[in-house]
Amino acid sequence: MKDNKDTAIKKIAKLISDKPNSKVVFLVGAGISTSCGIPDFRSPGTGLYDNLAKLNLPFAEAVFDIEYFEQNPKPFYTLAKELYPGNYTPSKFHQLMRVFQDKGKLHRVFTQNIDTLERAAGIHPDLLVEAHGSFAHNHCISCKKEYPQNVFKDKMLVGKDFANCEECKGLIKPQIVFFGENLPRKFFSTWDKDVTELDDESIVVVAGTSLAVYPFASLPEEVPTTTTRALINLERVGDFKTTPRNSDVFYKGSADAAATELAKELGWLGELEFLSGLLDNDNSSSKTVDEGHEDEAAKVDSITKDLEKLGLKENK
Ligand code: OAD
Ligand code: ZN
């Protein structure tokens with residue numbers, strides 16, 4: 001697997017243009033949203049887990065741990081406020097996936113992200129699998145009473161970092177998959193179906209994920225060998241690193257830069273720019289990579305300060 005950026009983009013574009021029935025399955029993670037100002041989880045320094053760890057959580061991932069949430073929901077509610085849908089606009093990469101949809105070239109988007117930016121970019125619900133859930137549905141973890149998104153949001157914002165059930169005062173939690181919880185059934189049923197439909201005209205594009213969390217991380221190894229796998233990421237990860245295939249394509253760089261280059265190569269730049277205008281996006285085109293990182297650092301800083309205010313340092 002070579003990591004020449006030009007070759008990688010040309011190869012993906014050629015596969016798409018040469019094969020009339022070609023379709024793409026995207027498998028994405030936090031790295032496609034970092035340019036929107038949302039930090040990822042595991043990037044050293046800027047990733048959320050590095051920064052939460054400094055606050056003496058028993059372990060960084062406790063913020064998404066169901067047992068920990070039951071004892072101390074504040075860190076999750078604080079993060080939820082920061083990540084709440086509507087606070088960010090989609091990145092160039094999200095927009096490119098939308099262009100694939102508009103061109104009839106999108107087979108599916110499987111996302112690990114809970115920021116719902118795929119929805120914001122207009123990816124059709126039938127073509128989208130939110131593998132780690134989303135903020136769309138919420139329920140009380142004690143009595144299971146369901147709460148609409150706007151009710152949860154209001155409660156969370158006015159509730160001084162708690163969102164309590166009207167019936168039993170239990171904690172209301174969005175249907176985001178925490179460690180120790182199952183992924184939605186749609187994830188398994190859709191992937192099982194899609195994997196049988198992958199052929200030599202299909203491409204699986206993995207982008208912006210460390211492929212560290214299972215079962216999502218196992219999807220690339222299940223891709224049939226007749227199907228080309230492409231990785232667009234700042235680093236080699238998962239099966240692309242441990243069991244690379246000769247046919248793999250690797251673009252080592254930012255997801256937004258890859259999106260722009262791929263759109264250019266496919267002759268879709270006009271469509272991408274048009275969408276950017278519609279979505280009022282200023283995440284990538286007008287900012288340098290460094291400016292993007294500064295946004296990210298500022299975001300992490302503000303979340304860290306919020307968590308400090310909550311007195312997390314005294315916990316454990
Ligand atoms: P990670 O933070 O683990 O990985 C992000 C990956 O994206 C890393 O490999 C980065 O190098 C890469 N990356 C960062 N910025 C990028 C950019 N601009 N362009 C391209 N690549 C970039 O995030 P995920 O793999 O998504 O669970 O994490 C998986 C799950 O772990 C998340 O869904 C989350 C967390 O626990 C929940 O939210 C429930
Ligand atoms: Zn309840």
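Is Phe-178 buried or exposed? Select Phe-178 in this predicted model: its relative accessibility is 2%, and since buried means under 20%, Phe-178 counts as buried.

A backbone N or O atom of Phe-41 is 2.7 Å from an oxygen atom of the ligand. On Thr-34, a polar side-chain atom sits 3.2 Å from a ligand nitrogen atom. At Leu-234, a backbone N or O atom is 3.4 Å from a nitrogen atom of ligand 1. Ligand 1 taken alone exposes 800 Å², of which the protein buries 95%.

Now turn to the aromatic rings, where the count comes to 19 pairs. Select Phe-41 with Tyr-49: their ring centres are 5.3 Å apart and their planes 45 degrees apart, a tilted pair. Tyr-49 is buried, at 9% relative accessible area.

Move on to Phe-64 and Phe-178. Their ring centres lie 5.9 Å apart with the planes at 75 degrees, so this pair is edge-to-face. Phe-64 is in the loop between α2 (48-53) and α3 (66-71), while Phe-178 is in the loop between β6 (172-176) and α8 (185-197), so the pair ties together parts 114 residues apart in sequence. Phe-64 is buried too, with a relative accessible area of 6%.

Finish with the cysteines. Cys-36 is buried at 8% relative accessibility, whereas Cys-168 is partly exposed at 34%. A search of the whole structure finds zero disulfides.

Technical notes:
Residues numbered from 1 in each chain as written. Chains lettered and ligands numbered in written order. Predicted model: local features only at pLDDT ≥ 70, side-chain atom pairs only at ≥ 80, totals over all residues. Heavy atoms only, no water. Polar contact = N/O pair within 3.5 Å; in protein donor to acceptor, adjacent residues only side chain to side chain. Areas by Shrake-Rupley, 256 points an atom, 1.4 Å probe, with all protein chains shown as cover. Disulfide = S-S within 2.5 Å. Buried < 20%, exposed > 50% of the residue type's maximum accessible area, 1.4 Å probe, protein only. Phe/Tyr/Trp six-rings, centres within 6.5 Å; stacked < 30°, edge-to-face > 60°. Helix = DSSP H or I, 4+ residues; strand = E, 2+ residues; numbered from the N terminus.
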